[in-house]
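Student: Can we go through this model together, one question at a time? I'd like the cut-offs spelled out as we go.

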Amino acid sequence: MTSPHAPHTSQPSHSPRAVVHDNYDITRIPVHPGQGWTRFVCISDTHSHVFAVPPGDVLLHAGDLCSWGTLKDLKVTLDWLKALPHPAKYYMAGNHDLCLDAQYEDGGKMHQMRPYKMTTKDVVQARKLVRSSWLGRSGMHYLEHESGVYKAASGKTYTIYGSPAAPLYSIGAFQYERRDGDAVYARIPPNVDILMTHTPSLGICDLTQRGKHAGCSALAERLKSADLQSVRLHVCGHIHEARGVKVVGRSEQNPDGRISVNAAMPVVPLPIIIDLMD
């Protein structure tokens, strides 16, 4: 559906209650469907890069805010996100965001792996900054294994849950051994509408350049649970070359299925737009 390199225009995919724009001309933003719809603009793995983002009702950032995980990197991204026009912005960390993982503080299990230019003070300051009123006043909501609630103009409420976790690969933040995945995703509360995880689930928008499915099997199993059939949109990133959209999990409760979006930024950044009927 999507090229990981230069974007091109294409017809949006849609159902009666959802429209996906994953290839479009950034200078000609698709028209908002109007009253009774919410536009979610999805990005991930921006790594301190700054680029044009189309307007929308809600911005969703699925992690890897930083290039090298430093407080300096983080501030570049936060200043950029704060300036974007979206009334509500839900964002979280990823494996690159070392300064947001409390395990890199003195006494944490990763403190000995902390980059030499990073101090405990940096980690404390970063974790305080993402929850500051300075950012909250601009509609920014940081999620770390927790939920937020967005109320659309129509009165419809969307429960949004964010998990920064990803399976252990190399030195990084918020990582877990695959055997611990069940416990990580058991934390997702029931009846979530919008799910953000840094890692993809196994087999969905997770194919690497080497042809390996690198998503998490525990997350895939959790998404099969009866209490998560309400999830209409799942946004992830992490596997850059797997950027794209797939609709899965159609059911009586969710006839349009779950829209799975890997929003990792390609070489030419192009956020993925999802319009949902409230």
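**Cavity, pockets, loop and helix**

Tutor: To start us off, the largest cavity holds about 40 Å³ of space. This is a predicted model, where local features need pLDDT of at least 70 and side-chain atom pairs count only at pLDDT 80 or more, while totals for chains, interfaces and linings use all residues. Residues are numbered from 1 along each chain as its sequence is written, and side-chain values use heavy atoms, with hydrogens and water left out.

Student: Which residues that line the largest pocket are the closest to its centre?
Tutor: A pocket is an open set of points with protein on both sides within 12 Å along at least five of seven lines. The largest pocket has a volume of about 650 Å³. Of the 20 residues in its lining, the closest to the centre are Y169, T208, A214, H238 and I239.

Student: What is the phi of D45?
Tutor: D45 sits in the loop between β3 (37–43) and β4 (58–61), strands being DSSP E runs of at least two residues, numbered from the N terminus. D45 is buried at a relative accessible area of 2%, where buried means under 20% (1.4 Å probe, protein chains only). D45 is not a glycine, yet its phi is positive, at about 55 degrees.

Student: Which residue has its backbone oxygen 3.4 Å from a polar atom of the S44 side chain?
Tutor: S44 belongs to the loop between β3 and β4 and is buried, with a relative accessible area of 0%. Leaving aside neighbours within four places in sequence, S44 has contacts (heavy atoms within 4.5 Å) that include H61, G63, H198 and C236. The backbone oxygen at 3.4 Å is that of A62.

Student: How far apart are the end C-alpha atoms of helix α1?
Tutor: Helices are DSSP runs of H or I with at least four residues. The expected span is 1.5 Å times one less than the number of residues, so the 13 residues of α1 (71–83) should span 18 Å. The end C-alpha atoms agree with that, at 18 Å.

Student: In space, how far apart are L71 and H96, C-alpha to C-alpha?
Tutor: L71 is in helix α1 and is buried, with a relative accessible area of 9%. Not counting residues up to four places away in sequence, L71 touches C99, D122, Q125 and A126. L71 and H96 are 25 residues apart in sequence, and their C-alpha separation in space is 12 Å.

Terms used: Buried means under 20% relative accessible area, exposed over 50%, partly exposed in between (1.4 Å probe, protein chains only). A polar contact is a pair of N or O atoms within 3.5 Å; within protein, one must be able to donate a hydrogen and the other to accept it, and residues adjacent in sequence count only if both atoms are side-chain atoms. On a 1 Å grid over the protein atoms alone, a cavity is a set of points where a 1.4 Å probe fits but cannot get out, and a pocket is an open set with protein on both sides within 12 Å along at least five of seven lines; lining residues have an atom within 4 Å of a point. Grid points are joined across faces, edges and corners, and a volume is the space filled by probe spheres set on the points.
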